[in-house]
Protein chains: 2
Amino acid sequence: MDLDARRKADPQHWNLATSIRVLAMDAVQAANSGHPGMPMGMADVATVLFGKHLKFDASAPHWFDRDRFILSAGHGSMLLYALLYLTGYEDMTLEEIKNFRQWGSKTAGHPEYGHAEGIETTTGPLGQGIANSVGFAMAEEAMRAEFGEELCSHRTWVIAGDGCLMEGISQEAIALAGAQQLGKLIVLWDNNDITIDGRVGIADKTNQHERFAASGWRVLSCDGHDAADIDRALTEAQNSDGRPTLVDCKTIIGYGSAKKQDTSGAHGSPLGAEEIAATRRAYGWDHAEFIIPDDILSQWRDIGKRGAEERAEWQKRVDALPGEERDEFARRISGDVSPKLAPAITALKEQALESKPKVATRKASEMVLEVVNPHLPEMFGGSADLTGSNLTKTADLGEFNVQNRAGRYIRYGIREHGMAAAMNGIFLHGGLRPYGGTFLTFTDYARGAMRLSALMGIAPIYVMTHDSIGLGEDGPTHQPIEHLAICRATPNTLVMRPCDLIETAEAWEIAIETRDAPTVMALSRQNLPLLRETASENLSAKGAYILREASAAPKVVLMATGSEVEIAVNARETLESQGIPTRVVSVPCMELFRAQPEAYRREVLPAGTVRIGIEAAIRQGWDWLLMGEGGSDETSDFIGMTHFGASAPAETLYQEFGITPENTVEKAKALL
Amino acid sequence: MDLDARRKADPQHWNLATSIRVLAMDAVQAANSGHPGMPMGMADVATVLFGKHLKFDASAPHWFDRDRFILSAGHGSMLLYALLYLTGYEDMTLEEIKNFRQWGSKTAGHPEYGHAEGIETTTGPLGQGIANSVGFAMAEEAMRAEFGEELCSHRTWVIAGDGCLMEGISQEAIALAGAQQLGKLIVLWDNNDITIDGRVGIADKTNQHERFAASGWRVLSCDGHDAADIDRALTEAQNSDGRPTLVDCKTIIGYGSAKKQDTSGAHGSPLGAEEIAATRRAYGWDHAEFIIPDDILSQWRDIGKRGAEERAEWQKRVDALPGEERDEFARRISGDVSPKLAPAITALKEQALESKPKVATRKASEMVLEVVNPHLPEMFGGSADLTGSNLTKTADLGEFNVQNRAGRYIRYGIREHGMAAAMNGIFLHGGLRPYGGTFLTFTDYARGAMRLSALMGIAPIYVMTHDSIGLGEDGPTHQPIEHLAICRATPNTLVMRPCDLIETAEAWEIAIETRDAPTVMALSRQNLPLLRETASENLSAKGAYILREASAAPKVVLMATGSEVEIAVNARETLESQGIPTRVVSVPCMELFRAQPEAYRREVLPAGTVRIGIEAAIRQGWDWLLMGEGGSDETSDFIGMTHFGASAPAETLYQEFGITPENTVEKAKALL
């Protein structure tokens, strides 16, 4: 059907959808950069979705029981911005649309969570949105199981493109969603057959219907430019038999642009003024750039109010809850930290001081979770198939699965990237606090999603065990050497490497209390003694602190993290026995130490002493503590790794690589 | 069929396969760590594969036309080590088997490329092997197209487990192999239904047959403990209709261990002395630990010689080649760098000095490749669907695809991780030099495979364009901030960030000449002026060098990389005009500078000057140049990023974030 026929067949729909198309063309042209083709291609589908199916209220973007809409194909950001503007989200003004991709605007090149209301997650790196959506949908199931469908019953809608489906993370997401039978998850596939390099077929011949079906999805199809057909498919999509649903929306990229539609030329560049004019004519749209006529805008604004009544009813149900239940529900969806956390942590720390357990910090982490999880129903754990190694499953957590939506532990499978992205989705959904485990070295697999946690300023907790060569025999592929540096390199990320049970408890307390940054917990495989002698204050919150004071004004300051703090303490003993006053500074979190006032930093790290950093990892990221902060190259040294590890028992590796108290003593004395 | 029946049905096969099983049990027990279950489960399949199908000659592990065997499920390393020992690879002694997972042994916890002959690639991080294999198989196709099937005609065999198939990277690999119709690629799926956390079904319900078929694979099945059935399936697998083949081998993990078989208890821990004794009895195997009776060993050794004759014939064909052709084939499979490289680079550099083009370094990279690729037929390019942005396809490169195996450019699709892993495979196969492009920020997606390039000491070239906030409007999701630091943090990786066409040419020359480390080329989106004034020497090979000398003994040294060198040069002009002698040091490669003699380093970075580092990225990784190497905290500073980027035109971002000549001047003067 040609454009004219489409327009005549359903003029109302045509005008609504074309509003999106022209805004996308105009904004990309004004910015002289961006992706017009996808919004032009998916405008019809989005119009039917927002117009008739999506449960939302533009005046209440935070309404907890709204449907979530996730633009996994984030480069099509103008589709989302246009929808937010047209439906009347208060902060998405026409001015913002006109400032697309400009400094200070809410309309970034790709949708950025937190920039504008209605952006549920940051997308752009392909595949992340669809993988987030699995987390959103699991969170919805879990909250529904806990609070009932009167308070929680909504869908997760995703628009994903061919790029999303080619990225490996999409397979992890699809398979997890299929295994979990997330019936309220609906993925709308923008099947336009075009990628940047050309036709999809030059790199992919996958039959997506069969692929999704193989992982337990239901597959529907529609003509992505036929409003009635889209409506039929989206209606059917909501009538799930328990399986998640893929809707194959056959579309034409850059729909309506005579010269560029159905080519990669429509994908990532402005169409050009001439082509835009021609396309406007083809649309039968004779309004100037950025102008949406009042009658059309007003229809869109009515769409934005579609959900108002439903929301009011929901609010009534919330208000009618018994006080305590209402308060708890409010706390949960606000994300406020439970007042029960601090006492649980304090009790455990005090107990630890008495029993002085020598345990791996991964075990310590489990001990913390055992006392925290029963009090914090929002804790939602999991592991990428390393439960017995990460020690992430506590006794009280049932498994979250098709049979038991009240479970709070997810078997993510061997899918580190999908897990991290799902954790982002769970956090963003609200109501739950996700944590998930794998080995620290597999940060490599999860990086794409972990970076987005940091960029969005959200706070999933990554439980990364086997955090050094201390894991031993598994060898260099499994031994993180550069991964602490990688995590510390990432802005807005807390990297906690506790040295014993007390620091591990403190790290968890900090991680849970932090709502605006992810935490990476780097935890040992090997047993570590209890080194802390006090527990009254959360000293880890200062990032670094004096763990063992020197017997006199310190001549040597040994700094270490995690499993190497024990080495520092032992080295100190020798140095002290030789008459060299030596201080040990434990550095569980560099980011927090950096944020301390200078006076405190100088108190912990006085100028004029020898400084040695000890960490079974590369030096990168340590120099500021050694040569900066009043230190100098001439009086500092580092004991760690300069190359990949090896396969052997941990003790052998520490000896062979010279990460020992003896070597520490020697290096300290050489600098004195 | 129970064990006894199996044994009686085919005692010869039984003894061969059981040799593998007992060695795996014994070695893991001796090491008190490792994974016995997988070798025990896949011993039958491996025995049939090595015994009857795999083309190899244990006495010539480097025979170019051997079949490649890749153990993607690398935790089952004892399967491979047992096979290498049994078939008589010279360096895989029984002593090595007994020293499994010990310091200095060749038998690391996971197979490490380069440790022992017959290890085709390093595996362990799941999914890497299967993704490597796609590169191996593409390389075989390409070399066969170039040199004919008399010289190159072999298969790539992979053993992959459920973990490999759950990792997202496997989907990228499967879909790419399907699109490329790699008919000589055969994946043997160890379908044992067990992962570390339990039954596969707790996290995955994917029908793998349908999943592979959806991407254009042929799927066969066999009983993985029935030698005849395995033989039938492997025979059929080699009779391809053009599609790659998956063989579903239904196996029992820990086969024969009464207490642990078919449970995750057999996966990753020693069985225990008692259970091993019981299992030996169940096998009807009454030989002591590590003992393989001579008659069985001798049958295995005969298997190791199966390919000798075929190899001799192949060698005859090689020897019979015309001299020039033989030399070129020898050069190609040895990996020796073509003597044509240096002159091509020199000519381009000289031309650049004359024409002084102002181009983005991604464009400069294309200009280099345009003059290099026609002379170096081993160059094998590609991009993860960003060809027009990475500028990786030169005019002479045809597309490598089903219709054109002589093409030298791969459309990897939107699959950064799969691309990097395939590049590893292409390099490891031999004969070709892979390079591939994506945006620097998507290092995040490819990290898992990039780390393995470095760990293996192999040298694919990563063409990472859009290397800073300088990419502008796409915004923070696409702007690398921490990625240079991440790449530099990785041991044995060259990170080259050239500042102009001449440095880009030098960087490519270094990258191509380097055979034992991967290179990351960080290239700008934005245009950069030609800054170099000489071209006779490859100055980039020193890592850092004086680009602009100060007018007198320098009081300020400005160090910068890539697009920020221009800023340093401009700042120097201002400082010099104000009477402050200022040197500009270009730092295209920190790793190479670190390897220079101290005298040279001190010459470039004299003590006692103000030092400022400029890079549109985080400071981490710079401190050693600023505060070390004779510098100090008090006299140095850094201009770069401390947080994520933003969406706006590049010039705006540089201004807003203060990465400007003005700010450089100001900071320098503040320190004087």
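Predicted model: local features only at pLDDT ≥ 70, side-chain atom pairs only at ≥ 80, totals over all residues.
1. Symmetry. Chain B superposes on chain A by a rotation of 180 degrees, with 0.0 Å of shift along the axis and an RMSD of 0.0 Å. That is the relation of a two-fold axis. In chain B, the C-alpha of B:Gly168 is the nearest to this axis, 1.9 Å away. The same surface serves both copies: 99% of the contact residues of chain B recur in chain A.

2. Extent of the interface. Chain B puts 99 residues into the contact, and chain A puts in 98 residues. About 7,700 Å² is buried between the two chains. Carbon and sulfur atoms give 57% of that area. On the side of chain B, B:Trp103, B:Tyr445 and B:Arg451 supply 10% of the area buried against chain A, more than any other three residues.

3. Twelve salt bridges cross the interface of chain B and chain A. One of them joins the side chains of B:Asp444 and A:Arg447, at 2.8 Å from N to O. Helix α19 of chain B, residues 443-456, gives the most to the side that touches chain A, with eight residues. Polar contacts between the chains link 52 residue pairs, with both residues at pLDDT 80 or more.

4. The sheet in chain A. Six strands form an open, parallel sheet in the order β10-β9-β11-β12-β14-β13. Strands β10 (409-411) and β13 (494-496) are the edges, and each pairs on one side only. From one strand to the next, the twist averages 20 degrees.

5. In chain A, β9 (residues 379-383) runs parallel to β10, and three bridges join them. A:Ser383 has A:Arg411 of β10(A) as its bridge partner.

Conventions: Residues numbered from 1 in each chain as written. Chains lettered and ligands numbered in written order. Heavy atoms only, no water. Least-squares fit on C-alpha atoms with pLDDT ≥ 70 in both. Contact = heavy atoms within 4.5 Å. Pairing = 2+ DSSP bridges. Helix = DSSP H or I, 4+ residues; strand = E, 2+ residues; numbered from the N terminus. Axes fitted to C-alpha atoms, helices over the stretch in contact; angles between N-to-C directions. Buried area = accessible area lost by both parts, 1.4 Å probe. Salt bridge = Lys/Arg side-chain N within 4 Å of Asp/Glu carboxyl O. Polar contact = N/O pair within 3.5 Å; in protein donor to acceptor, adjacent residues only side chain to side chain.
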